[in-house]
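Reader: Could you walk me through this structure, one part at a time?
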Amino acid sequence: MKGNRKNMATKLVNKGNGIYEVTASINGKVWADAKDKALKRLASNVQIKGFRKGQAPLDLAKEKINPQDLGNEQINVVIPKLFDDSCKENKLRPFVAPEVKVTKFSDTELEVVFTITVYPEVKLGQYKDIHLAQEVPSVTNAEVDEAIAKLLEDNSELVLKEGAAEKGDTVVFDFKGYIDGKEFDGGSSDNYSLVLGSNTFVPGFEDQLIGVTSETKKDVEVTFPDQYIKDLAGKKAKFACMIHEIKTKQSPKLEDEFVAGLKITDVNTVKALKEYEEKQILGKKAKDSKNKYMQDLIDQICKNSEVVIADAVIENEAKSLKENMIQQISQNGLTFEQYKEITGMDDAKLEVEFKGQAKNKLVATVVVDKIAQVEGLIVSQKELDEFYENSAKMYNMKVEELKKMYASQQQQLVSNLLNRKILNFLEANNAPLGEKAVAEEKPAKEVKAKKTAAKKEAK
């Protein structure tokens, strides 16, 4: 039994594979104070007749609070600090959130068992003087023209069209879908606006609307793809369509007057707009190229290093990735089952994919962290203050106001600043092949020039 904090004791058991069990207990004043704090927290939400919400005397409010809720809140009050103190006392650095199990609970004592997975051991391989290929970005005239064409399209307006619908036009119509002569759920809509050629609908649907005119009817027959929602996959359907309007895009002319109206700083002519778009495209390509190079570099450093991560940690991370994906899918109006049907994926394939992603992510995290430790990379108070000062100027705020905004996210902020510092370090110590070649070529050219000059002088 060890413990150097009053009213607290811990016992450590090494379970192997980087997993430790810490039994931590508290009693006395610390535990009593936690109950008082829990009572005040819960009382702030109690409504008693004759008092404003949360303003009733504690003795009265306590009568309205479920004892079990009070006990749970008392535990919640102490768990964060108890966990933090347990890690510090036993010199453990947790890698993921711990498992928490309450083993004793009374008016005088709380005992909790934390199952803690610590940072994996990392044997760093080469992480300096790695020279990988990096794409050198360039911009073609066609890319500039495409960017300007999109700019014109974005500033276009839809106008009614009298003739037949063409690809790129917008058709406003009602439709009802039938399978075997019966309407099916989700197969109808009124006044729907569809851009022909957008591939929004089932393959073949939009092509059959090319040539329709306003105030006419059109039956569209399609077959749903095999990889589709289960109830519709592979089935033939007919959509009865009533065309209301045909609209077409009317784009502005590319001339100086249009460019000036965009109100881009120092861009008032067509020539200046082309130069501006070229710089924008080149800037984006350079950023993408750098990001890819840094990702390739980190991947290579991970391959050079040795890391063993517990299967349970990988499985938990994979589970988290899966939950995030399901949430994104639901935001797009699909269920996870529908997503699997459309993509042709099954649980087994997805599990392998998620585990692979999880392992790569975790390995990269610990390897980069190890580099920071070895190189002594930290975020100093001066650097943190500089961040606040620069950000305050950028957003035209007071430094103290900005600090209040980040008060609850201080740890995440420091982590983000540290990651940026590590990436800067890696970038500075691992020049791409192109830069390496230039660096090696320059001294060689200088030597050659000196030899040539010396020969001339000798003559």
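This is a predicted model: local features need pLDDT of at least 70, side-chain atom pairs count only at pLDDT 80 or more; totals for chains, interfaces and linings use all residues.

Reader: Which residues of α4 are buried?
Author: In helix α4, which covers residues 141-154 (helices are DSSP runs of H or I with at least four residues, numbered from the N terminus), the buried residues are V144, I148, L151 and L152, where buried means under 20% relative accessible area and exposed over 50%, with a 1.4 Å probe and protein chains only. Seen down the axis of α4, these buried residues fall within an arc of 100 degrees (taken from the directions from the helix axis to the C-beta atoms), so they line one face of the helix.

Reader: And which exposed residues sit on the face turned away?
Author: That face of α4 carries A142, E146, K150 and D154.

Reader: What covers the buried side of α4?
Author: The cover of its buried residues includes α5 (256-261) and α6 (270-304), with contact meaning heavy atoms within 4.5 Å.

Reader: Switching topic, which helix gives the most to the lining of the largest pocket?
Author: That is α12, with 7 residues, and α9 (347-375) also supplies at least two residues of that lining. The lining residues of the largest pocket divide into 7 nonpolar, 5 polar and 3 charged.

How values were computed: Residues are numbered from 1 along each chain as its sequence is written. Side-chain values use heavy atoms; hydrogens and water are left out. The expected span of a helix is 1.5 Å times one less than its number of residues. Ala, Val, Leu, Ile, Met, Phe, Trp, Tyr, Cys and Pro count as nonpolar, Asp, Glu, Lys and Arg as charged, and the others, Gly among them, as polar.
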